[in-house]
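Please read this briefing alongside the sequence and the model.

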Amino acid sequence: MKIKSRGYVLVASNKINFYRYAINLAESILDYHEDANITLFCEPWMIEEQHRELFDSIEECSKHYRAKLEGMWKSPYDLTMYLDVDMECEHEDIKICFDELERRDEDVLFSELTDDREYVYAERSFDTPDGRTKFTLCGGICLYDMTVPLVQEFMKDWDKLTKDQMDGKWWPEGYIDSLKSWDQFSLWWLTEKEEKFKDLKYGIMEDDLRWNYYNAFNWAMTKPKDPVIIRHYSCGLDKDGIII
């Protein structure tokens with residue numbers, strides 16, 4: 001039986017600060033998982049030669065603001081953990097993330113968007129032609145098995161649909177325009193509305209707060225059972241960046 005390859009995918013596009021955050025994230029992963037396989041997708045103009053040693057490879061991606069999804073479906077690893085680059089690893093349990101995927105029946109694992117955490121979300125609840133609903137899956141971190149054909153197809157469709165909705169090529173009638181900027185919407189659409197993915201096996205990571213702990217959370221109100229593994233600095237970072 002072939003042993004499945006394992007690795008992390010990071011994506012930096014559009015803004016130089018995303019590249020800087022990717023370097024910091026890669027270094028923090030290697031602090032706790034020294035033999036980790038990491039691939040960075042970024043625009044060629046961003047690359048600084050001294051950082052190449054951090055990665056298995058550095059691959060080119062488009063300049064699209066949501067090029068993250070392009071990197072996800074182009075992952076060179078069988079078992080892949082995608083991480084938003086505005087994150088930092090702070091616990092050695094990063095090494096066991098792939099074990100969870102192998103012992104579960106699901107092929108794709110996310111962190112969760114929940115009612116009690118909604119106080120930090122920019123936009124979660126929204127109206128649809130069928131009534132009001134909410135996002136429940138968070139795309140900031142994703143653990144998935146690329147050996148499964150349906151997963152491969154799902155990742156490609158997630159990329160295409162996100163770019164189409166953001167670029168004005170696709171949008172369903174009856175939905176507010178502010179949702180167009182979110183890859184959460186395309187994720188929701190594919191998992192909730194697309195018949196072709198009705199058999200996609202996806203779920204939520206165990207104690208998922210450990211894997212995607214937003215820096216804006218109030219620790220007294222919202223904390224995992226065990227120590228945080230990945231801290232997400234989605235709030236308060238300068239994502240524009242200036243080339244000097």
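How many positive and how many negative side chains does the protein chain have? There are 31 positive and 51 negative side chains, and the centres of the two sets lie 2 Å apart. Lys and Arg count as positive and Asp and Glu as negative, with His and the chain ends not counted; each charge is placed at NZ of Lys, CZ of Arg, CG of Asp or CD of Glu.

This is a predicted model, in which local features need pLDDT of at least 70 and side-chain atom pairs pLDDT 80 or more, while totals for chains, interfaces and linings use all residues. Residues are numbered from 1 along each chain as its sequence is written, and side-chain values use heavy atoms, leaving out hydrogens and water.

**Overall form**
- The C-alpha atoms of the protein chain fill a box of roughly 50 × 45 × 45 Å along the principal axes.
- Of its 244 residues, 53% count as buried (under 20% relative accessible area; exposed is over 50%, partly exposed in between, with a 1.4 Å probe and protein chains only).

**Aromatic pairs**
- The count comes to 22 aromatic pairs (Phe, Tyr or six-membered Trp rings with centres within 6.5 Å; planes under 30 degrees apart are stacked, over 60 edge-to-face, the rest tilted).
- The ring centres of Y8 and F98 are 5.3 Å apart with planes at 55°, so this pair is tilted.
- Both Y8 and F98 are buried.
- F18 and Y65 have ring centres 6.0 Å apart and planes at 75°, so they form an edge-to-face pair.
- F18 is buried, at 11% relative accessible area, whereas Y65 is partly exposed, at 39%.
- Ring pairs link a cluster of F126, F135, W170, W171, Y175, F185, W188 and W189.
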